[in-house]
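My entries follow in the order I made them.

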Amino acid sequence: YHKGFGYADEATGQPNTPLSKYQILSIQKSLTAACVMRLVQAGKINLNDPLSKYYPGIAGGKKITLRRMLDMDSGLTFGKGSSQALSEARVIDYAVENLNSDPAKMGQWNYQPVNYVLLAGIIRQVTGESYRRYFTQHIINALQLKHTGFVSAGQGQHGTQGYKYSGSQVVATYHTAFH
């Protein structure tokens, strides 16, 4: 059974098909966690490593462990992202420069993607290669994924426009395009 549902681009009326390509967005966090765990298994990092080992300038970094970052109970928060497109290295630097660390919130779960931006930076530091390259080698290529890549390279043919949901996630809404 091969069928697409909804719109790849509602504004142009382009429907989704079985070949449509989607941005995985926050699903990438679980794949980043898999990359971190590969490095743990290889003995290159430890889940009890303090954040300060990799980013000594972050307040409270001596008490924040990689495990806390994976669990999103590190007390780290981040406001608004950059309005400009940034390179991978600059995204990480921007996060370091603009995050907040609240020790009183350590141990309390709080969905903050900044934890995973910093983990991507740690992957860069430990491996000596870009997060994108490491991810491509150890996730995309290792799993022989054929229709997976980074959106910064463009989605190419069959790419879709993302939309922010409003109300129920069950009912498709196309009110606000995600850019």
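**Charge over a ring**

I began with Lys3, whose charged end sits over the ring of Phe5, 5.5 Å from the ring centre. The test I used asks for NZ of Lys or CZ of Arg within 6 Å of the ring centre and within 35 degrees of the ring normal.

**Ground rules**

I am working on a predicted model, where local features need pLDDT of at least 70, side-chain atom pairs count only at pLDDT 80 or more, and totals for chains, interfaces and linings use all residues. Residues are numbered from 1 along each chain as its sequence is written, and side-chain values use heavy atoms, with hydrogens and water left out.

**Overall layout**

I counted five helices and six strands in the chain. Helices (H or I, at least four residues) and strands (E, at least two) are DSSP runs, numbered from the N terminus. Along the sequence I read β-β-α-α-β-α-β-α-α-β-β. The C-alpha trace spans about 50 × 35 × 30 Å along its principal axes. I found that 30% of the 179 residues are buried. Buried means under 20% relative accessible area, exposed over 50%, and partly exposed in between (1.4 Å probe, protein chains only).

**Core**

Which residues of the largest nonpolar core touch the most other members? They are Leu51, Tyr55, Leu76, Leu118 and Leu119, out of 32 residues. I took a nonpolar core as a set of buried Ala, Val, Leu, Ile, Met, Phe, Trp, Tyr and Cys residues joined through side-chain atoms within 4.5 Å. The elements that give two or more residues to this core are α1 (27–41), α2 (66–71), α3 (88–98), α4 (114–127) and α5 (131–141). α4 gives the most, with seven residues.

**Helix α4**

Leaving aside neighbours within four places in sequence, Leu119 is in contact (heavy atoms within 4.5 Å) with Thr32, Val36, Leu66, Met69 and Leu70. I checked the helix length too. The expected span is 1.5 Å times one less than the number of residues. For the 14 residues of α4 that should be 20 Å, and the end C-alpha atoms are 20 Å apart, which agrees. Just after α4, Gly128 takes a positive phi of about 75 degrees.

**Positive phi without glycine**

Gln144 has a positive phi of about 55 degrees, although it is not a glycine. I placed Gln144 in the loop between α5 and β5 (162–164). Gln144 counts as exposed, at 59% relative accessibility. His158 is not a glycine either, yet has a positive phi of about 75 degrees. I placed His158 in the loop between α5 and β5. His158 is partly exposed, at 31%.

**Aromatic pairs**

How many aromatic pairs does a search of the whole structure find? I got three. Rings of Phe, Tyr and Trp (its six-membered ring) pair if their centres lie within 6.5 Å; planes under 30 degrees apart count as stacked, over 60 as edge-to-face and the rest as tilted. Phe78 and Tyr94 are edge-to-face, 5.9 Å centre to centre with 70 degrees between the planes. Phe78 lies in strand β3 and Tyr94 in helix α3, so this pair ties together parts 16 residues apart in sequence. Phe78 counts as partly exposed, at 22% relative accessibility. Trp109 and Tyr111 are tilted, at 6.3 Å and 45 degrees. Trp109 counts as exposed at 60%, and Tyr111 as partly exposed at 36%.
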